[in-house]
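Thanks, everyone. I will go through one model today, residue by residue, and then turn to the core and the pocket.

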Amino acid sequence: MERRQKPVDVIAVCRADGTIQPLRLRLEDGEQGYVRGDVVEILRTSEIPYVGIEAKIYQCRVRIEDRICYLELRYAIRSHTWCLQRRTL
């Protein structure tokens, strides 16, 4: 398991009921620049007050270059930013 906290670009859909679903993300890779990943499945979501910062945590299965990775994404509600929390291969 690799632990990171770095910003990522995310394309998400905001549904009529107010839920947010990540669809695609772009990770910075030291060797190739950026790598794109498609969210295959959202395994679990939770909402956590994180030291005064309201955040939603998404545990997802993501396809990156024909590999399946398990990622934990954090969406900070007030600042509208996405961050990669954890990556397991």
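V62 is buried, with a relative accessible area of 0%; buried means under 20%, exposed over 50%, and partly exposed in between, with a 1.4 Å probe and protein chains only. This is a predicted model, in which local features need pLDDT of at least 70 and side-chain atom pairs count only at pLDDT 80 or more, while totals for chains, interfaces and linings use all residues. Residues are numbered from 1 along each chain as its sequence is written, and side-chain values use heavy atoms, with hydrogens and water left out.

V62 sits in strand β5, residues 53-64. Strands here are DSSP runs of E, at least two residues long, numbered from the N terminus. Setting aside residues up to four places away in sequence, V62 touches L25, G37, D38, V39, V40, R67, I68, C69 and L71, where contact means heavy atoms within 4.5 Å. I77 is 15 residues from V62 along the chain, and their C-alpha atoms are separated by 22 Å.

Which residues have the most contacts inside the largest nonpolar core? They are V8, L25, Y58, V62, L73 and W82, in a core of 17 residues. Such a core is a set of buried Ala, Val, Leu, Ile, Met, Phe, Trp, Tyr and Cys residues joined through side-chain atoms within 4.5 Å. At least two of its residues come from each of β3, β4 (33-50), β5, β6 and β7 (81-88). L25, for its part, touches V62, L71 and L73, and also D9, V10, V35, R36, G37 and V39, again not counting residues up to four places away in sequence.

E72 lies in β6, residues 67-76, and is buried at a relative accessible area of 11%. Its side chain makes a polar contact of 3.2 Å with the side chain of Q59. A polar contact is a pair of N or O atoms within 3.5 Å; within protein, one must be able to donate a hydrogen and the other to accept it, and residues adjacent in sequence count only if both atoms are side-chain atoms. Beyond its neighbours within four places in sequence, E72 is in contact with I57, Y58, Q59, C83, L84, Q85 and R86.

R26, in β3, is partly exposed, with a relative accessible area of 39%. A polar contact of 2.6 Å joins its side chain to that of D9. Leaving out residues up to four places away in sequence, R26 touches V8, D9, Y34, V35 and R36.

Now two loop residues. E65, between β5 and β6, has a positive phi of about 50 degrees although it is not a glycine, and counts as exposed at 52% relative accessibility. H80, in the loop between β6 and β7, is not a glycine either, and has a positive phi of about 55 degrees. H80 counts as exposed at 56%.

Last, the lining of the largest pocket. How do its residues divide? Three are nonpolar, one is polar and seven are charged; Ala, Val, Leu, Ile, Met, Phe, Trp, Tyr, Cys and Pro count as nonpolar, Asp, Glu, Lys and Arg as charged, and the others, Gly among them, as polar. The largest share of the lining, three residues, comes from β3.

Technical notes. Helix = DSSP H or I, 4+ residues; strand = E, 2+ residues; numbered from the N terminus.
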